Amino acid sequence: MAALGAWRLLRPGRRWFSETVPGDPSPPSSPLYPPVVASATAKSKAAKSRRLQRFNQQVHAAATVEEKLRLYGKLQRPKYTVYPQTFALNADRWYRSFTRTVLVPGMPPRGAAAKPPVAAAGATLEAGRALEPGAEAPEVAEAPGVAEAPGAAAGAAPHVDIGELRSLACDALLQESFYQKKKRPFLYRDQDHTPGPFLTQLVSTLAASLSGRNPLLAASSLDLSPEVNYYWHHGEEVVVHGHRKGRVDPVRFQIDDNPHLQIRVPKQLPEVVPLESDLGDVPVIDHKPSKLPLFKKQYENKVFIGSKVADPCCYGHTQFHLLPDKLKRERFIRERLEDQIEVVYRSNGIASLFAWTAAQAMYQGFWSEADVTRPFVSQAVVTDGKYFAFFCYQLNTLALTAETIKNNPRKNICWGTDSKPLYDVVEDGNVKGFNDEVLLHLVHFLLNRPKEL
Amino acid sequence: VFAGVRQAQWLTKTKLVEGLPAAVQGIMDNPALGLQELEERAKHVVSHARLWDTAEVAPRREKYCPVLFENLIHICRLMSGNYPSLSKRMLARNCRIAATWERESILLQVRGLSGILMNSMTPIPPVASKEEILATKDHVLETFYPIAPTIDLQEVNVYKELNDTGQCFRDGYPYSHPHTLFFLESANVRTDRFRPEQLRAKMLMFAFGNALAKAKALHGNDLKVLEEPVVVQSIGTDGQLFQFMVFQLNTTDLVSNDGVKNLVWIDSDQNLYERAQCVPEVKKKVVTKPAGISGFQPDTFKKFLALYLHGTV
């Protein structure tokens, strides 16, 4: 730098006398001096922003997605570990604020996604494909009389044989709970004894029998106990103690999730609502995340959807989560926290689906500085073996860091139902009180596919 | 088991036939099944299990062997979109098998966890024709004199002869016919895994145990030649090498050494792929082995699928 300064002093002198030198070899199209920018190593705010810019440019310019992911998670610092299955009170409000998610109760209206001129055809497809005539009221209300007649006429081909699927489900349930002789469950491992294998059997047999109707399922990949990880920044805080005390740092989060079962597909699910839609408000919580309680740890920043980037099945379809023994309903009822039962399901759905969809988006090259250009949709079913809750998540934005969130009007959306029982009790080789609605819902989920298929 | 399959043959009074039976070969050669398109999927599935399934660099055998098996079964199950009768199958994990029989005045017993069992509602039709069964009468069982055939078997005092239908299921179970047994040798350390010869012997013994228990459940406890032979299949793998076996129980009269024998068809040591390279091997800055699966053998997958579809297609 000193040499450059001296050369600068010399040059004007020469220029003064040789202003009119003809045939200037390099026309002054490029700047004569290197750009005057802040230092990259000084302890100043300008230097910090320059370093950030340099880092962003590096990540933008990365050649492959693996390189991008590696650079994104290179710097390790203490971060909050967010557990999707948690006993924390009102965890779903906190998780919604961390992930900028709007919770909409009930399921997304499938027929409404089709545009008006195609509404009749779309609704027909919907009515014929999924339901027996005279089943769910909301769907029928959406597709008025017009759809009924063609739906009933075209009912032959896309009609789902609910009786057969019910017998498959009952068989799976009976095998795991009644027919197969097993030893007694290990202490506090009741979920691995019966509901776990039942869920695996149910999903694999249902997916196989529905694959004839849904070509996306026929090309899908089923993972048992995969790993899903996501790392992101949201908000800012001041470092409290240590050698970095007093500096302003982003708040880092990491989700490490292990769904029981996961279906990944090679094509993306269609968007439910347009990218910029606003369906509600994101809760704002003024406390530090550690009040939830959430604890900090420093370890590898992983972003993983269940398999590496090279896998062609890089989009998610449905996840199945099994709640552990620690979070069973009886425990909450015993401690008089009945309202927290639904919170457990919701927080699991929101956190797991956010991690999965965001990791899918990162696998496509998007990140917080390069926000998604199309919404990423995935579904999840959270269950404890008997009660099922269904969730559908649409990721509209990844830009959650302090700088990028300032001008970001988009919010992520999560639709979720309450938990409903699939059956009442299993006695003597019979399943009593089987609930067809829940099974239909599950079938809906598995049959979900892009419009062109 | 010392002499492997030969000893198991003597213990179960079985005649060995190399290769898979004609019925299974017929399924493999059937063009209507569209096995060609499935090859691409099988390759993806192998890559997934061996290369892509983990956030670390390379998955260990304990992880990739079961994952490969699950993926292959998933592809086979998806065929039930075209063949609805395939959905009449159910997988049962960790089932315990128990069967006893007498063999020249030695009481033998098969017990233990028999891996993963697939049951179906309908039995597999007999693979060998009646003439072949009768022809086994002339077959002489190999003995290994002076080594006693019960070498390397654990001698236990049995107080109760257990035969509880062999499978660990109660009565009234709709999927009552054992279809295929799967054995996964997924221990990380090579010495904890069975060698191919022993794996085949284990497969034979367990297939025999299941078939015997099923026969006793169907026809009672007396020792006789079966009118409808019971067929049980068995597939064993360590993640790369596959052993296929079809066992047909023709007789429960195992005390004597002559008469009709049982039959087993074995196709051994089928490689699904040659090597799976997670990181490309570079020697002196030249890539000698690129990353990926090399030497994929579609025939092995076809055999797997054919054994799965056997009995329904």
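Colleague: Let's start with one residue: why does B:Arg200 count as buried?

Modeller: Its relative accessibility is 9%. Buried means under 20%, so B:Arg200 falls in that class at 9%. Please keep in mind that this is a predicted model, and the values are computed from it.

Colleague: And why does B:Glu197 count as partly exposed?

Modeller: B:Glu197 has 30% relative accessibility. Buried would need a value under 20% and exposed a value over 50%, with partly exposed in between, so at 30% B:Glu197 counts as partly exposed.

Colleague: What makes the meeting of B:Arg200 and B:Glu197 a salt bridge?

Modeller: Their side chains come to 2.8 Å, N to O. The limit is 4 Å between a side-chain nitrogen of Lys or Arg and a carboxyl oxygen of Asp or Glu, so the pair at 2.8 Å qualifies as a salt bridge. In general, side chains of opposite charge can pair when their charged atoms come close.

Colleague: Why are B:Arg200 and B:Glu197 separated by about one helical turn?

Modeller: Because they are three residues apart in helix α6 (residues 196-219) of chain B.

Colleague: How many salt bridges does this rule count over all chains?

Modeller: The count comes to 23. Some share partners: A:Asp92, A:Arg96 and A:Arg346 are joined into one network in this way.

Colleague: How do you know that A:Asp223 forms a salt bridge with A:Arg264?

Modeller: Their closest N and O atoms are 2.7 Å apart, and the rule asks for a distance within 4 Å. This pair links distant parts of the chain, with A:Asp223 in strand β3 of chain A and A:Arg264 in strand β6 (residues 261-265) of chain A, 41 residues apart. Both A:Asp223 and A:Arg264 are buried.

Colleague: Are A:Asp278 and A:Lys411, the partners in another salt bridge, buried or exposed?

Modeller: They fall on opposite sides. A:Asp278 has a relative accessible area of 53%; exposed means over 50%, so A:Asp278 is exposed. A:Lys411 has 12%, and under 20% means buried, so A:Lys411 is buried. Their closest N and O atoms are 3.1 Å apart.

Colleague: What makes B:Gln233 a buried residue?

Modeller: Its relative accessibility is 0%, and buried means under 20%. B:Gln233 is found in strand β7 (residues 225-237) of chain B. Beyond its neighbours within four places in sequence, B:Gln233 is in contact with several residues, including B:Ile124, B:Leu181, B:Met245 and B:His310.

Colleague: What joins the side chains of B:Gln233 and B:His310?

Modeller: A polar contact of 2.7 Å joins them; the cut-off for such a pair of N or O atoms is 3.5 Å.

Colleague: Now to the helices. How do you know that the span of helix α2 (residues 45-60) of chain A agrees with what it should be?

Modeller: At 1.5 Å a residue, its 16 residues should span 22 Å, and its end C-alpha atoms are 22 Å apart, so the two agree. The buried residues of α2(A) are A:Ala47, A:Asn56 and A:Val59, and what covers them includes α3 (65-72) of chain A.

Colleague: Why is α11(A) described as largely enclosed by the rest of the structure?

Modeller: Because 14 of its 16 residues are buried. Helix α11 covers residues 195-210 of chain A and reaches 22 Å from its first C-alpha to its last. For chain A as a whole, which has 15 helices and 14 strands, 49% of the 453 residues count as buried.

Colleague: How many residues of chain A are in contact with chain B?

Modeller: 35 residues of chain A are in contact with 36 residues of chain B. The area buried between the two chains is about 2800 Å², with carbon and sulfur atoms giving 55% of that. In chain A, A:Tyr179, A:Lys181 and A:Lys308 lose the most area to chain B, together 22% of what that side buries.

Colleague: Which polar links does the rule find across that interface?

Modeller: There are 12 residue pairs in polar contact, and zero salt bridges. On the side of chain A that touches chain B, the largest share, seven residues, comes from α9(A). The residues of that side divide into 14 nonpolar, 12 polar and nine charged.

Definitions and conventions:
Residues are numbered from 1 along each chain as its sequence is written. Chains are lettered from A and ligands numbered from 1 in the order in which they are written. This is a predicted model: local features need pLDDT of at least 70, side-chain atom pairs count only at pLDDT 80 or more; totals for chains, interfaces and linings use all residues. Side-chain values use heavy atoms; hydrogens and water are left out. Helices (H or I, at least four residues) and strands (E, at least two) are DSSP runs, numbered from the N terminus. The expected span of a helix is 1.5 Å times one less than its number of residues. Buried means under 20% relative accessible area, exposed over 50%, partly exposed in between (1.4 Å probe, protein chains only). Contact means heavy atoms within 4.5 Å. Buried area is the accessible area (1.4 Å probe) that two parts lose on being put together, summed over both. A polar contact is a pair of N or O atoms within 3.5 Å; within protein, one must be able to donate a hydrogen and the other to accept it, and residues adjacent in sequence count only if both atoms are side-chain atoms. Ala, Val, Leu, Ile, Met, Phe, Trp, Tyr, Cys and Pro count as nonpolar, Asp, Glu, Lys and Arg as charged, and the others, Gly among them, as polar.
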